[in-house]
Amino acid sequence: MSFLEVLYFLVPAAIAYAAPLILTAIGGVFSERSGVVNIGLEGLMVMGAFIGILFNLTFVNVFGAGTEWMALLAAMVVAALFSLLHAVASVSFRADQVVSGVAINLLAVALCLFLVKMIYGKGQTDFVQERFLRTDFPILEKIPFFGPLFFQNFYWTSTLAIGIAVLAWIVLYYTPFGLRLRAVGEHPMAADTMGINVTRMRYIAVMISGGLAGIGGAIYSQSISLDFSHSTINGQGFMALAAMIFGKWHPLGAMGAALFFGFAQALSIVGGSLPVISEIPSVFLLILPYVLTILALAGFIGKANAPKALGTPYIKGKR
Amino acid sequence: MSNRLVNILVPVISVILGLIVGAIVMLVSGYDPVAGYAALWNGIFGDVYTIGETIRQITPYILAGLAVAFAFRTGLFNIGVEGQLIVGWFAAAYVGVAFDFPKYIHLPLALIAAAGAGALWGFIPGLLKARFKVHEVIVTIMMNYIALHTTNALIKTFSDGGDNTGPINPSASLRSEFLENMTDFSRLHYGILIALAMVFVMWLILEKTTRGFELKAVGLNHNASEYSGMNVNKNIILAMVISGAFAGLGGAMEALGTFEYASVKGGFTGIGFDGIAVALLGANTPLGVIFGAALFGSLKYGALNMPNEAGIPTEIVSIVIAIIIFFVASGYVIRLFVERFSKKKEAK
């Protein structure tokens, strides 16, 4: 295989694996920019993956070929509602946000598996029939080099993910809503003084993160795993969390980091069929994203500029 | 109402609320909660055998809880207990299989190897926190995955492509004929004594040594500790190392006691994550950890009886545990409620 062929093989795979990470990481950006730590991203993705499959299997006769897109919507809504638990605990009940996030992760896996066993009577669901398929972008696929790289064999969901990342950047940095959201995360008291409802902003931010992570999970389950079991989402949420930090809490940065992690994941999964890479023991490829994250945190980005009020509940009247 | 009483009431109320929510979930999904909890009870205390197995299950939970609690006391959140436990598990199994010494050398050596491996896995995030101010939560999460994949690869290399190290030599085993005979041949082993000894060790370090005082001081206010001449960075690293060593020993319990081998894992054991719940429920004190571990260990083991006896998926107990964590974390609300309630009583 020539270098170019390897590239044409690897880049589409990387983008495909990155899509769920991008969406979830963007969700994390919203939540953490408003000052709420969200370790529960993993659990929210699990919920999204489960609802995606459940909806797909249940309503495939009703919606036919468009079922997978409707399932994304359902996953978004349910995961957003599920994330309310985290919002209530960490915003209103002043819980330790990290602990509450851990609880979300435990609860999501337990609840989804409980429901799977109750509904299907076994440890995993059936495979879905309507799934996201690779397609070629009309006209653009003909561009030399970039065509095969980005516009052939791609998923529409990847386009959606990248579109949402750009949208999130515009919303966070160029709209009053985004300014308020960031203000609440940096200095909630100042924001409160200016008449911004801190509690409401944080609730909205956490629910946005839930919705996006839900979509991310549903994309993963409907394009890669195709069923739901205890190991469907196995660390993707944490990787999205790492991508968010790697990207310095910026939507486009998070997208870049997620693409990079997607590339590492693609390498570890399809790398065996590539020359040179197949020589490397697979364990190194498996741990690559995690090691790189640690190295990046220690070296490149140094002390990252996390939102100042991150992790602290806002208590009115307390200095 | 005294502060101490409220501190005890919060976890107790949380557990009760968790069980109530579990009952509601069972009711809504068409199961019989009474039959469910009866099956759970029988799964924990049914006969001597189940009691033995329950205590066996509690053993690693105590150590995982100690690991989380110890780091918490120094102001560190060690989510990496899971990974530290996995590397400890592998290290103990490796020493158990690869060497052949008399028992009084072999068993301690395997335990030390496990504690050492866990300590190393805790040292890295500790060092990064102290030296580069990298948040330990992220690093320990990453270290969990690195531990999982690395030990899996090592087990494969070690067993020439197999997925199991094979049984450890009897000289490294924690197996106890005495405890087995007493509990109708359950897998109960001497590890519980080691776990309880470690509870004492943690108490000793934190309450009776200067170093423990420093560790707690750093946890309460690291600026004040720094001004009073303590080396904050050194204490952070030390806390993570000790915490990791506890977790590694937790892995040794599984490697030398329960299973007597290490195998390739498809996912996490969950013991390390449950350790967070144990520590929280036990208010991060050594004695509290015993209670937390006893509760969660029993719930986890008893849950295995629920599908057989009541036809309810075991996951219901994981749901209950997650809800309990929620309520303990949201202690502020329960505190508020308890205080209002007691004030009303006083007014009457």
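Which residues in H1(A) meet residues in H6(A)? The points below take up this contact and several other features of the model, which is a predicted one.

1. The H1–H6 contact in chain A. On the side of H1(A), the residues are A:Ile15, A:Ala16, A:Ala19, A:Ile22, A:Leu23, A:Ile26, A:Val29, A:Phe30 and A:Arg33. They meet A:Thr157, A:Ser158, A:Ala161, A:Ile162, A:Ile164, A:Ala165, A:Ala168, A:Val171, A:Leu172 and A:Tyr173 in H6(A). By residue type, the contact of H1(A) with H6(A) divides into 16 nonpolar, two polar and one charged.

2. Geometry of that pair. Helix H1 of chain A covers residues 3–33 and helix H6 of chain A covers residues 156–174. Their axes come within 8 Å and cross at roughly 20 degrees. Because angles under 35 degrees count as roughly parallel, H1(A) and H6(A) are described as roughly parallel to each other. The crossing in which H1(A) passes H6(A) is left-handed.

3. H3(A) and H4(A) pack with their axes 10 Å apart, at an angle of about 155 degrees. Angles over 145 degrees count as roughly antiparallel, and H3(A) and H4(A) are therefore roughly antiparallel to each other. H3(A) passes H4(A) in a right-handed crossing. From H3(A), the contact is made by A:Phe82, A:Leu85, A:His86, A:Ala89 and A:Ser90. From H4(A), the partners are A:Gln97, A:Ser100, A:Gly101, A:Ile104, A:Leu107, A:Ala108 and A:Leu111. The residues of the contact of H3(A) with H4(A) comprise seven nonpolar, five polar and no charged.

4. Two loop residues with positive phi. A:Arg94 is placed in the loop between helix H3 (67–92) and helix H4 (97–120) of chain A. Its phi is near 55 degrees, a positive value in a residue other than glycine. A:Leu226, in the loop between helix H9 (198–225) and helix H10 (236–246) of chain A, also has a positive phi, near 70 degrees, and is likewise a residue other than glycine. Are these two residues buried or partly exposed? A:Arg94 counts as partly exposed, at 31% relative accessibility, whereas A:Leu226 is buried, with a relative accessible area of 15%.

5. A buried glycine in chain A. A:Gly185 is found in helix H7 (residues 176–186) of chain A, and its relative accessible area is 0%, so A:Gly185 is buried. Not counting residues up to four places away in sequence, A:Gly185 touches A:Arg33, A:Ser34, A:Gly35, A:Pro307, A:Lys308, A:Ala309 and A:Leu310. A:Gly185 and A:Met201 are 16 residues apart along the chain, and their C-alpha atoms are separated by 9.5 Å.

6. A buried serine in chain B. B:Ser225 has its place in helix H10 (residues 222–227) of chain B. With a relative accessible area of 2%, B:Ser225 is buried. Leaving aside neighbours within four places in sequence, B:Ser225 is in contact with B:Ala217, B:Val218, B:Met230 and B:Val232. B:Ser225 and B:Glu214 are 11 residues apart in sequence and, C-alpha to C-alpha, 7.5 Å apart in space.

7. Helix H13 of chain B. This helix (residues 286–303) has 18 residues. From its first C-alpha to its last, H13(B) reaches 26 Å, close to the 26 Å expected at 1.5 Å a residue. The buried residues of H13(B) include B:Pro286, B:Gly288, B:Val289, B:Phe296, B:Leu299 and B:Tyr301. The buried residues of H13(B) pack against several helices of chain B, among them helix H3 (48–73), helix H8 (191–208) and helix H15 (315–329).

Conventions. Residues are numbered from 1 along each chain as its sequence is written. Chains are lettered from A and ligands numbered from 1 in the order in which they are written. This is a predicted model: local features need pLDDT of at least 70, side-chain atom pairs count only at pLDDT 80 or more; totals for chains, interfaces and linings use all residues. Side-chain values use heavy atoms; hydrogens and water are left out. Axes are lines fitted to C-alpha atoms, for helices over the stretch in contact, and angles run from 0 to 180 degrees between N-to-C directions. Helices (H or I, at least four residues) and strands (E, at least two) are DSSP runs, numbered from the N terminus. Angles under 35 degrees count as roughly parallel, over 145 as roughly antiparallel, 65 to 115 as roughly perpendicular and the rest as oblique. A crossing is left-handed if the near helix is turned anticlockwise from the far one by less than a right angle, and right-handed if clockwise. Contact means heavy atoms within 4.5 Å. Ala, Val, Leu, Ile, Met, Phe, Trp, Tyr, Cys and Pro count as nonpolar, Asp, Glu, Lys and Arg as charged, and the others, Gly among them, as polar. The expected span of a helix is 1.5 Å times one less than its number of residues. Buried means under 20% relative accessible area, exposed over 50%, partly exposed in between (1.4 Å probe, protein chains only).
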